Amino acid sequence: MHFTIKISALCLLAVSLSCMDKKKEQSTSNKTETVEDSLKTTKIQILENKKSTIYFRASGTEPFWDLELSKNQIKLKTITDSVITPYVAPSWIENSGVKVYEIQTASSQIKIQINQLECTNAMSGEVSPYTVNIEYKKKAEPSLHIIQGCGNYSSQTPGDQGNKPAY
């Protein structure tokens, strides 16, 4: 009988240790999920912050394209391609209401003209306060692409100082 009590005690101890290991596994699993959730939240916040730095958007049709100007980069997307360059400060054409961005990288060249001239989207009929003309070329391409569309500012542009126009 004394032997049976010892075996029962050992079995009880083994079951207890097994349960404690399960709790540790669940705790570690929960911590892993919490870290993964935290990383997902951080990635979402970074993407939202990146979007919030976009201060000008433009788009056009035939062919469809989108342009985003932000404090960090200039991104031109077409149906078949994307051109992303670092931000460059624009120049202004005096007394004309035109802002010009000229960018040359090792792989592409882009010239963006933002004209303070009302523009109507050909497909939607939406009216925007700015007409946008873009000339771009990838170095490997033989010809220059010329596209036109409409745009809007979402906030004050970086680099606007003094009496320079805010367009």
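Phe 56 is buried, at a relative accessible area of 0% (buried means under 20%, exposed over 50% and partly exposed in between, with a 1.4 Å probe and protein chains only). The model is predicted: local features need pLDDT of at least 70, side-chain atom pairs count only at pLDDT 80 or more, and totals for chains, interfaces and linings use all residues. Residues are numbered from 1 along each chain as its sequence is written, and side-chain values use heavy atoms, with hydrogens and water left out.

Five aromatic pairs are present in the structure. Rings of Phe, Tyr and Trp (its six-membered ring) pair if their centres lie within 6.5 Å; planes under 30 degrees apart count as stacked, over 60 as edge-to-face and the rest as tilted. One of the pairs joins Phe 56 to Tyr 130. Their ring centres are 6.2 Å apart and their planes stand at 75 degrees, so the contact is edge-to-face. This pair links distant parts of the chain. Phe 56 belongs to strand S1 (residues 54–60), Tyr 130 to strand S10 (residues 130–138), 74 residues apart. Strands are DSSP runs (E, at least two residues), numbered from the N terminus. Tyr 130 is also buried, at 10% relative accessibility. Ring pairs join Phe 56 and Tyr 130 with Tyr 55 and Tyr 153 in a cluster.

Tyr 87 and Tyr 101 also pair edge-to-face, because their planes lie at 70 degrees, with ring centres 6.4 Å apart. Tyr 87 sits in the loop between strand S4 (82–86) and strand S5 (91–93), and Tyr 101 in strand S6 (residues 98–104), so the pair ties together parts 14 residues apart in sequence. Tyr 87 is partly exposed at 22% relative accessibility, whereas Tyr 101 is buried at 0%.

Key
Helices (H or I, at least four residues) and strands (E, at least two) are DSSP runs, numbered from the N terminus.
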